[in-house]
Amino acid sequence: MKKAFAFLSLLAVSALGQLRESVTVQVVEVPVYVTADGAPVTSLTRENFRLFVNGKPQTIDYFDQIDFAALSPERARDPRQRRLYMLVFDLNSTPNDLHRAQRAAIQLLDGAAEDHTFAVASLGRGAVGVIVPFTRDRLVVRHAIRNLKVSLTGDPLRLGLTPGERGGEIGRPERLNDPRLTLGLGEPEADVITMISDEIYGLSELAMRLAGMEGHKHVVLLSRGFEASVLHGITAPPRQGDLRTGPLAARARLNDTRASALSYAPNAALMAQLRHMTEEFTKAGVFLHAIDTAGLRHMQTAYDNESLYALARDTGGTVIDRRNDLTSALQVLIDRQRVVYVLGFRPPAGGAATNTIKVKLAGAPRGARATFRPSYSATADPPDTADRLRLADIVMNDIPQNGVTADVRVEGSTVELEIPGREVLAHAVAGMVGAEAMFYIVAGPAVVEFRTKKITIDVARAEAALNEAPLRVRETFNLPPGKYTAKVLVRIDGSGALGFARRDFSVE
């Protein structure tokens with residue numbers, strides 16, 4: 001049964017990579033994280049879970065337990081078995097909050113296991129900008145966290161560093177740079193509601209970009225959040241030592257006029273946009289978590305963190321707050337996700353556009369709590385084959401592509417891409433074929449060289465030759481002696497078809 005479901009999942013992913021329209025989801029996977037006293041519960045079986053879809057009991061057709069600390073080397077190489085963490089830094093934070101978040105993320109990175117895959121993004125003026133895509137090159141990730149700016153290499157996929165940048169990271173400089181000094185992001189916003197709306201939209205867009213990627217996907221927002229009264233209109237007068245436990249306690253006090261008051265009308269437009277954002281996260285199978293970078297503060301109320309809970313709650317995500325040690329907060333979050341239970345089922349026929357999911361525990365240890373994606377969509381949108389975030393993931397994680405056949409040969413330091421000529425002609429539009437070939441030379445986890453090459457073919461002039469021979473594109477690199485891997489990704493304009501190939505080689 002497990003192999004059958006794996007085949008169906010791969011079939012769905014293959015279809016997503018090539019079709020331009022929505023496709024029906026054949027198998028729904030529900031990752032479930034179970035914790036007790038803040039630690040993962042590792043001893044559960046299929047019988048410990050009860051699955052409900054749209055309020056009705058649902059048969060669990062497929063069950064798996066993944067302990068990321070104990071994966072075999074074979075499973076660890078499977079993109080579906082990896083943990084992806086996108087660290088999103090809120091540039092609207094105070095300088096102190098931002099620097100504390102940067103320092104905590106670097107400390108987490110320095111101590112993280114090798115199988116953790118990180119990406120770095122920033123949230124500022126409403127836009128979410130990916131600084132570094134998912135990679136296991138720790139120096140690239142470290143540079144992105146420390147500077148919160150893209151590298152100077154000019155790499156379109158943002159996978160590499162200049163020699164000076166890489167050498168600087170090896171020296172582990174302590175200085176943390178604030179990108180707002182050069183980007184002008186420290187200015188006050190004239191319209192707070194517009195800023196919040198843009199931030200929610202930016203997170204929604206990020207979820208859509210992650211939809212087509214395989215693995216257990218987590219977005220971690222490092223922020224103190226925004227003023228939640230703008231969203232729901234409720235304010236609470238701060239009182240010294242008023243540290244309630246969280247938004248659940250806050251909701252219980254909404255009718256207590258001594259502690260709270262409906263000072264403003266709830267913003268229906270923002271609430272609708274927030275709901276759309278959570279639907280995008282659940283559709284994409286992505287958890288949105290939040291780390292409160294402000295930590296404990298004087299005269300704090302539960303409402304101070306309500307915006308973070310509002311963002312994360314309905315994605316199945318977790319908020320870690322009321323901690324001054326942000327490194328510990330990040331580690332707590334990742335430790336809770338060390339073990340995941342995957343429940344798979346065939347969606348009922350005639351499902352709604354959005355369907356609710358509920359998971360209950362039976363016979364679990366006392367105090368056990370489950371977090372999971374609370375909904376799914378019966379259809380999935382195909383990923384954008386021009387999205388650089390996805391293209392970078394293909395290159396760094398050797399994800400096969402079947403849009404166009406690609407082969408790579410290496411002689412000395414010359415890398416040659418070969419594509420069957422007739423396949424090239426099949427993608428002609430208005431008598432022309434356009435494509436982009438991306439060449440990457442990798443040593444270990446690090447990109448050491450890259451080239452991109454635009455390809456334009458006039459079919460009338462090249463048809464006869466391409467019917468008889470393949471298209472060949474060569475690039476020569478200046479490489480010192482050593483062992484390398486050549487990775488080439490090609491994307492055909494118009495159709496968006498992708499091809500990927502790799503070849504290990506040595507330079508004597």
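## Helix packing and buried charges: worked exercises

Helices H3 and H4 run roughly antiparallel to each other. The model you are looking at is predicted.

### Exercise 1: Two partners of H3

Work out how H3 is oriented relative to H4 and relative to H12, and find the residues that make each contact.

*Solution.* 

Step 1. Two packed helices are described by the angle between their axes and the distance between the axes.

Step 2. For H3 (residues 95-111) and H4 (residues 138-147), the angle is about 170° and the axes lie 9 Å apart. Angles over 145 degrees count as roughly antiparallel, so H3 and H4 fall in that class.

Step 3. On the H3 side, this contact uses Gln102, Ala105, Ile106, Leu109 and Asp110. H4 brings in Arg138, Val141, Arg142, Ile145, Arg146 and Asn147. Sorted by class, the contact of H3 with H4 holds five nonpolar, two polar and four charged residues.

Step 4. Now turn to H12 (residues 326-336), whose axis comes within 8 Å of that of H3 and crosses it at roughly 50°. H3 and H12 are therefore oblique to each other, and their crossing is right-handed.

Step 5. Here Arg100, Ala101, Ala104, Ala105, Gln107 and Leu108 of H3 face Leu326, Thr327, Leu330, Gln331 and Ile334 of H12. The contact of H3 with H12 contains seven nonpolar residues, three polar and one charged.

### Exercise 2: H7 against H10

Decide how H7 is oriented relative to H10, then describe the classes of residue in their contact.

*Solution.* 

Step 1. The axes of H7 and H10 (residues 268-284) cross at roughly 15° and come within 8 Å. Angles under 35 degrees count as roughly parallel, so H7 is roughly parallel to H10. The crossing of H7 and H10 is left-handed.

Step 2. From H7, the contact takes Ile193, Ile196, Ser197, Ile200, Tyr201, Leu203, Ser204, Ala207 and Met208. They meet Leu270, Gln273, Leu274, His276, Met277, Glu280, Phe281 and Ala284 of H10. An α-helix has 3.6 residues a turn, so residues three or four places apart point the same way.

Step 3. Counting by class gives 12 nonpolar, four polar and one charged residues for the contact of H7 with H10.

Step 4. While you are in H7 (residues 192-210), look at glutamate 199. Is glutamate 199 buried or exposed? Its relative accessible area is 7%, and under 20% means buried, so glutamate 199 is buried. Its C-alpha is 9.6 Å from that of aspartate 90, a residue 109 places away in sequence.

### Exercise 3: A lysine in a strand

Find the surroundings of lysine 487 and the side chain with which it makes a polar contact.

*Solution.* 

Step 1. Lysine 487 sits in strand S25 (residues 482-492). With 6% relative accessibility, lysine 487 counts as buried.

Step 2. Leaving aside residues up to four places away in sequence, lysine 487 touches Val395, Met396, Asp398, Met438, Phe439, Tyr440, Val442, Phe500, Ala501 and Arg502. Isoleucine 441 is 46 residues away along the chain, with 6.4 Å between its C-alpha and that of lysine 487.

Step 3. The polar partner is aspartate 398, whose side chain makes a 2.9 Å polar contact with that of lysine 487.

Step 4. Follow the chain back into H13 (residues 388-397), where nine of the 10 residues are buried. Val395 and Met396 are among these buried residues. At the start of H13, a side-chain oxygen of aspartate 387 comes to within 2.9 Å of the backbone nitrogen of leucine 389.

Conventions
Residues are numbered from 1 along each chain as its sequence is written. This is a predicted model: local features need pLDDT of at least 70, side-chain atom pairs count only at pLDDT 80 or more; totals for chains, interfaces and linings use all residues. Side-chain values use heavy atoms; hydrogens and water are left out. Buried means under 20% relative accessible area, exposed over 50%, partly exposed in between (1.4 Å probe, protein chains only). Helices (H or I, at least four residues) and strands (E, at least two) are DSSP runs, numbered from the N terminus. A polar contact is a pair of N or O atoms within 3.5 Å; within protein, one must be able to donate a hydrogen and the other to accept it, and residues adjacent in sequence count only if both atoms are side-chain atoms. Axes are lines fitted to C-alpha atoms, for helices over the stretch in contact, and angles run from 0 to 180 degrees between N-to-C directions. Angles under 35 degrees count as roughly parallel, over 145 as roughly antiparallel, 65 to 115 as roughly perpendicular and the rest as oblique. Contact means heavy atoms within 4.5 Å. Ala, Val, Leu, Ile, Met, Phe, Trp, Tyr, Cys and Pro count as nonpolar, Asp, Glu, Lys and Arg as charged, and the others, Gly among them, as polar. A crossing is left-handed if the near helix is turned anticlockwise from the far one by less than a right angle, and right-handed if clockwise.
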